[in-house]
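Here is a short report for a reader who is new to this structure.

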Amino acid sequence: MALNSEVRRDAFAPARAARRTTPLTPPSPAKIGPMEEVADFLAKSPPFDALSRDELLDVAAAVAVRTYPAGTDILVEDGPPAPELFVIRSGAIELRHQDEIVDILEPGESFGHPSLLTGMASAFTVRAHDDASCYTINRELALEVLGRPAGAIFVARTMRERLTRTGHTVHGLPEVRTIRIGNLVKGAPVFCAPDRSIRDAATLMSTEGVSGVLVTAEGGLGIVTDTDYRRRVVAGNVAPDAPVTTIMSRPLLTVSAERYVMDAVLDMLYAGVEHLAVTDPRGAVIGLLSAGDLLGLAYRTPFALRAAILKASTEAALDAAVKQLPDMFVTLVGAGLKAPDIGRVLALNCDAVTSRLIDFAISRHGAAPCPWAWLALGSVARRELTLASDQDNALAYADPPSPEADAYFERIAQDVNAGLVRAGFGADISGVVAGNRLWRMSESQWVQTFRDCLTSPDLSHLVRAAVSFDFRQVSGGLEVTPPLVAVMRNARAYRGFLTQLARTATDVVPAIPHRFFLSRWQQQEIDLKKGGSVPIANLARFHALANGITISSTIDRLKAAEALGAITRETAQSLLEAFEVIYRVRLEHQAEQVRAGAKPDNLIRPEQLQPAARAELREAFNAIGRAQQQLYRFVPLGI
């Protein structure tokens with residue numbers, strides 16, 4: 001990250017020239033001149049505390065002072081990148097995500113540097129908490145300061161601190177600080193014999209697609225990187241046929257796979273190297289990671305992926321951004337985040353992809369003829385996604401319905417559905433997509449469809465209710481949610497509908513193991529979605545609609561039903577635990593499949609699990625069975 005001395009002189013030269021040519025009034029003992037005052041202020045905080053006095057004065061000569069009334073947005077989440085580095089001079093500054101304050105910065109603290117360094121949009125909205133002022137430093141000078149060793153350490157430390165303090169803000173996403181370095185290792189290291197030539201090593205790196213190879217030299221492992229090759233062979237005077245040990249570096253920096261990523265970043269920065277080797281508990285090297293792998297971690301988080309999706313200027317760029325989703329998913333699973341939180345992160349990014357695809361479709365087909373609303377359905381609406389989830393969606397448009405309007409929205413929907421398939425959200429096998437006329441209609445037609453589900457609860461309407469009553473508006477300005485929610489809130493008045501809905505909640509038999517056939521249960525293939533997650537979602541939906549609860553999340557429905565006394569605390573707790581156990585096993589199974597290059601699914605054999613996980617899964621299925629039995633007693637009596 002450090003810049004060469006020539007660049008450093010160029011970066012400071014304009015400020016130094018301005019300082020020489022700007023006449024200053026000599027300070028009196030009681031008053032400090034403006035530049036000296038600024039320099040003294042900056043010297044108290046990193047990364048400026050590592051600059052010399054002359055360099056501080058150079059920076060001070062180049063700063064501008066900007067004032068912001070309370071409530072002013074200085075940077076906007078997913079908006080334009082930061083144009084300069086900000087140092088708070090007075091007041092307080094909020095970091096916000098979706099109108100939630102996640103951190104408050106005080107005088108002396110800096111912001112804008114992650115966006116400035118990467119050219120990416122800000123991960124947060126930065127707002128003046130009260131009347132505030134900031135020193136701003138132009139991009140070139142800021143990059144010079146941040147590019148020095150002290151600046152690199154400052155960047156790494158603030159990355160770690162802000163991951164720690166703000167990682168929980170994406171719809172309840174817990175801290176990402178627990179990511180271990182071993183979770184980033186994607187493949188075994190590549191070794192090179194010490195008697196091979198530099199040319200051989202370069203060919204090996206190119207063939208294996210790696211940026212460094214480990215050299216098994218006498219006295220311990222060494223390393224040769226593509227940077228070594230460029231500097232010492234391409235731009236230097238070392239012959240490519242010389243032994244690889246000629247440009248080898250030692251000692252090799254090693255870290256345990258259990259070390260936290262941000263700590264490993266600091267290890268690398270302090271050592272002044274660009275690669276580190278990851279070791280297992282026995283000390284054997286299991287992988288090699290570059291500075292880009294580590295310092296880029298903060299920009300492979302859900303915040304950054306969402307920003308990359310929303311910034312995509314073409315569908316090809318969007319497709320490229322979405323390819324990061326599986327890696328992010330594996331990282332979150334490996335970090336030990338709770339399954340429901342990972343599901344919400346996947347939903348957040350699915351929403352972002354959907355919104356961007358809608359933008360592209362409207363750009364292609366022209367402005368909409370009337371207001372509209374794109375609706376997520378099913379598990380997408382409940383924010384309970386996995387990597388094996390299909391897309392479920394619908395579209396509503398303003399009345400009166402017309403063939404012309406429907407034809408337009410059919411084209412829009414088909415484009416979006418196709419884009420979601422490319423993004424990994426497969427087409428629903430039942431055709432529950434907005435491109436299907438059955439799931440695309442006017443607002444009044446949707447309201448009538450919801451009413452028909454209550455008044456005529458035949459099989460077709462029950463299937464529709466099971467999907468569409470779990471809905472969430474993702475995009476569009478049509479206010480369709482209030483009238484649909486009003487219909488759902490009145491569902492408890494329709495006893496016939498509730499009776500049939502109760503049957504759907506008890507008809508799906510969970511994969512409960514029989515005590516006499518436990519070994520057979522352990523060996524059979526189980527669909528964790530159909531035999532586990534779906535029955536719990538059905539139970540939660542029934543208890544919600546039977547009690548006027550209109551929220552969609554399975555967890556929130558169960559908690560609300562308990563709060564209203566519709567189910568006992570014991571039942572609610574056992575279902576909540578069962579839901580999280582099954583969800584976790586599904587996600588861990590899919591993460592293993594991603595690592596192995598396989599397509600994620602929901603099929604597992606219990607014998608593949610550790611005994612403790614197998615016991616938890618068995619109890620989860622038993623909990624579903626008990627909850628179904630409690631409900632089943634009411635079905636023949638019409639609730």
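Gly366 lies in the loop between helix 14 (339-365) and strand 15. Helices (H or I, at least four residues) and strands (E, at least two) are DSSP runs, numbered from the N terminus. Gly366 counts as partly exposed, because its relative accessibility is 27%. The classes are buried (under 20% relative accessible area), exposed (over 50%) and partly exposed (in between), with a 1.4 Å probe and protein chains only. Gly366 and Ile412 are 46 residues apart in sequence, and their C-alpha atoms are 9.7 Å apart in space.

This is a predicted model: local features need pLDDT of at least 70, side-chain atom pairs count only at pLDDT 80 or more, and totals for chains, interfaces and linings use all residues. Residues are numbered from 1 along each chain as its sequence is written, and side-chain values use heavy atoms, with hydrogens and water left out.

**Residues one by one**

Ile429 sits in the loop between strand 18 (426-427) and strand 19 (440-442). Ala405 belongs to helix 16 (residues 403-422).

| Pair | Apart in sequence | C-alpha to C-alpha |
|---|---|---|
| Gly366 and Ile412 | 46 residues | 9.7 Å |
| Ile429 and Gln391 | 38 residues | 9.6 Å |
| Ala405 and Pro369 | 36 residues | 6.3 Å |

Is Ile429 buried or exposed? Ile429 is exposed, with a relative accessible area of 81%. Ala405 has 6% relative accessibility, so Ala405 counts as buried.

Thr227 is found in helix 8 (residues 226-234). Thr227 is buried, at 10% relative accessible area. Its side chain makes a polar contact with the side chain of Arg230, at 3.3 Å. A polar contact is a pair of N or O atoms within 3.5 Å; within protein, one must be able to donate a hydrogen and the other to accept it, and residues adjacent in sequence count only if both atoms are side-chain atoms.

**Backbone details**

Pro46 and Pro47 are joined by a cis peptide bond, with omega about 5°. Pro47 lies in the loop between helix 2 and helix 3 (53-62). Another cis peptide bond runs from Arg250 to Pro251, with omega near 0°. Pro251 is in the loop between helix 8 and strand 12 (254-256).

Arg383 is not a glycine, yet it has a positive phi of about 60°. Its loop runs between helix 15 (378-381) and strand 16 (390-391). Arg383 counts as partly exposed, at 26% relative accessibility.

**One side of a helix**

Which residues are buried in helix 2 (residues 34-42)? Met35, Val38, Ala39 and Leu42 are. They cover an arc of only 100° around the axis, so they are on the same side of helix 2. The arc is that of the directions from the helix axis to the C-beta atoms.

**Strands and pairing**

Strands of a sheet pair through backbone hydrogen bonds, either parallel or antiparallel. Here two strands pair if DSSP finds at least two bridges between them.

An open sheet is formed by 4 strands in the order 1-8-3-6, with antiparallel pairing. Strand 1 (64-68) and strand 6 (110-111) are the edge strands, and each pairs on one side only. Strand 3 (residues 84-90) and strand 8 (residues 132-138) run antiparallel and are joined by 6 bridges. Ile88 stands opposite Cys134 in strand 8.

Strand 15 (residues 372-377) pairs with strand 20 in the antiparallel sense, over 4 bridges. Leu377 stands opposite Phe471 in strand 20. Why is strand 20 (residues 471-475) largely enclosed by the rest of the structure? Because 4 of its 5 residues are buried.

**The second largest pocket**

The second largest pocket holds about 750 Å³ of space. Its lining has 27 residues, and the closest to its centre are Leu184, Val185, Lys186, Gly187 and Leu289. On a 1 Å grid over the protein atoms alone, a pocket is an open set of points where a 1.4 Å probe fits, with protein on both sides within 12 Å along at least five of seven lines; lining residues have an atom within 4 Å of a point.

Strand 14 (285-290), helix 13 (325-334) and helix 24 (569-596) each supply at least two residues of the lining. Helix 13 gives the largest share, 4 residues.

Definitions and conventions: Points joined across faces, edges and corners; volume = space filled by probe spheres on them.
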